[in-house]
Amino acid sequence: MSVNETAQTQATGFSPVAASLKNASVRFGSFTAIDNLSLDIEEGAFYTILGPSGCGKSTMLRLVSDLIPAASGDVRIFGKTTEEARIAREFAFVFQDSTLLPWRTALANVELPLEMGRKRGVKIPLSDKSPMELLELVGLKGRENALPHELSGGMRQRVAIARALVCKPKLLLMDEPFGALDEMTRDHLNLQLLQIWKETGVTILFVTHSIPEAVFLGQKVLMLQAHPGRLKEIVDIDLPHPRQIKLRDTAPFTRYTAHLRELLETC
Amino acid sequence: MTMVEKADLAEPNESELAAKIDAEQVRMERRRKIEAFLIPMTTVVSLLLIWQFGVRYFEVPMYIAPAPSDVGAALIKQFPLLLTNFWPTFYESVLGFFVGNLAAVCIAVAFVHNKTVQKAFFPIAVFINTIPILAVAPILILILGPGLSAKIVIVSLICFFPTLVNMVRGLQAVSPQALELARILSATKSEIFWKIRLPSSLPFLFSALKIAATTSVIGAIVGEWVGADVGLGALILDSSFNFRAALLYATVFMSSGLSVILFASVTIAERLIVRWHT
């Protein structure tokens, strides 16, 4: 399946590849977290990643973001190694917990990536949007001087998204960013994220536990399976854009969720 | 549903609701503050009155237990004497406080950056902490003489350990995700230290400094007991040997006043610096 995918993209060769994994494996001691994973993520795509716990969803993001080395195989981001891509600030990471520094204001938190890494050879990319404009983009205009504890969970996560965008990454890695939020806030941030994706053209890899969220956000859903973590299937989500919340109550949408739920059960 | 369809991003009415909640909280806070002040004040005043009338009623001799009014009178009449003895103790406490805590912070930083250093020196730090300060004070006075330096060392020793332990914990209390973020940003060790580890250790540091603020006065007084002719500790010994009970009580009052000043200074500094924890 995955080999076919790779072959197809290479054969057609139209869309440039944002991230490419070739036979990539990750091991922690004798435990194999990811086994022989091969896939290509086209530039500008929105991939959501689903799978049972222990399937290596988070590990995959950490592999791509150079937090974990590959035991074997090759991972490339826009043709560069993960380390080169990190130094070039090609990607940004949004964690489940917003990971804001509690002593910094919202604005200063967004500015953090601009203050780090120069000594390791990072040339901080110039973004076309200032930190202030990014806070405005995520709907936090007027709260730029608030400290994280003065913001709600949803607002904190929006600051984290603004921080991720500040170096104008081409690839955005998101590890269950809305997992800890209530449903209303989550819906709201889903819409907002789709809008940011459309405006910036960034490629997104989005790990989630929620099947509806995976279908609602993704152009494609990567279904991973566990023990060891490997690719089970890539499901194309052929639903129109721009998407609205009410899409969730339509028959095509529920057909996708039902299909994915079935897949998940056989993992 | 309009809320979600609007691509506009603010959560509805959030700020309004927050303002209402804030106002309510301010009111509650104010009432709590008044209560927190009035209730203990009433208790203190009542206890002082019981003491005053108890001493007078049972005709306790003044050299055993002076009445609060006697202590008050001594405090006013002997104030120049008290003040001359206050300043040496103040300097010893403050200087020792800075030396001890600075050493603790530096060693904590070394411990966190080098596990071998930690393994080598932490047992020694624990050992030093187990020696009672009263036992070690005469040794230090023997080595360093009855001057200021011996007291500074005694105060530093007594401040050192709680700050070391807290600071090590504080520097390690960085969330793993914050470190992953730093790695993704290709941060250097020194960037991680100055921008992440050090700020996140500050709440821990200040809780240690609050302990040190009061123990430093204990250290200074102990040092003065062992060998000094000025200072509140010396005055305590002198007035008790001469049965000047009112002066003794006034001196004790001054000592606790010194602790309060140091503790309050640390608390104010904490409020100004650590604004992200309540």
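**A helix pair in chain B**

In this predicted model, Asn85(B), Phe86(B) and Thr89(B) of α4(B) meet Leu232(B), Gly233(B), Ala234(B) and Leu235(B) of α10(B), where contact requires C-beta atoms, placed from the backbone, within 7 Å. The residues of this contact comprise 4 nonpolar, 3 polar and no charged; Ala, Val, Leu, Ile, Met, Phe, Trp, Tyr, Cys and Pro count as nonpolar, Asp, Glu, Lys and Arg as charged, and the others, Gly among them, as polar.

The axes of α4 (residues 79-113) and α10 (residues 232-241) of chain B come within 7 Å and cross at roughly 135°; axes are lines fitted to C-alpha atoms, for helices over the stretch in contact, with angles from 0 to 180 degrees between N-to-C directions. The two helices, α4(B) and α10(B), are therefore oblique to each other, as angles under 35 degrees count as roughly parallel, over 145 as roughly antiparallel, 65 to 115 as roughly perpendicular and the rest as oblique. Helices are DSSP runs (H or I, at least four residues), numbered from the N terminus.

**Leu135 of chain A**

Leu135(A), in helix α5 (residues 131-137) of chain A, is buried, with 24 other C-beta atoms within 10 Å (buried means 20 or more). Beyond its neighbours within four places in sequence, its contacts include Ala106(A), Val110(A) and Ala162(A).

**Between the chains**

The contact takes 31 residues from chain A and 25 residues from chain B, and α7(A) gives the largest share of the chain A side, 6 residues.

**Conventions**

Residues are numbered from 1 along each chain as its sequence is written, and chains are lettered from A and ligands numbered from 1 in the order in which they are written. Local features need pLDDT of at least 70 and side-chain atom pairs count only at pLDDT 80 or more, while totals for chains, interfaces and linings use all residues.

Definitions and conventions:
Contact = placed C-beta atoms within 7 Å. Buried ≥ 20, exposed ≤ 12 C-beta atoms within 10 Å, placed from the backbone.
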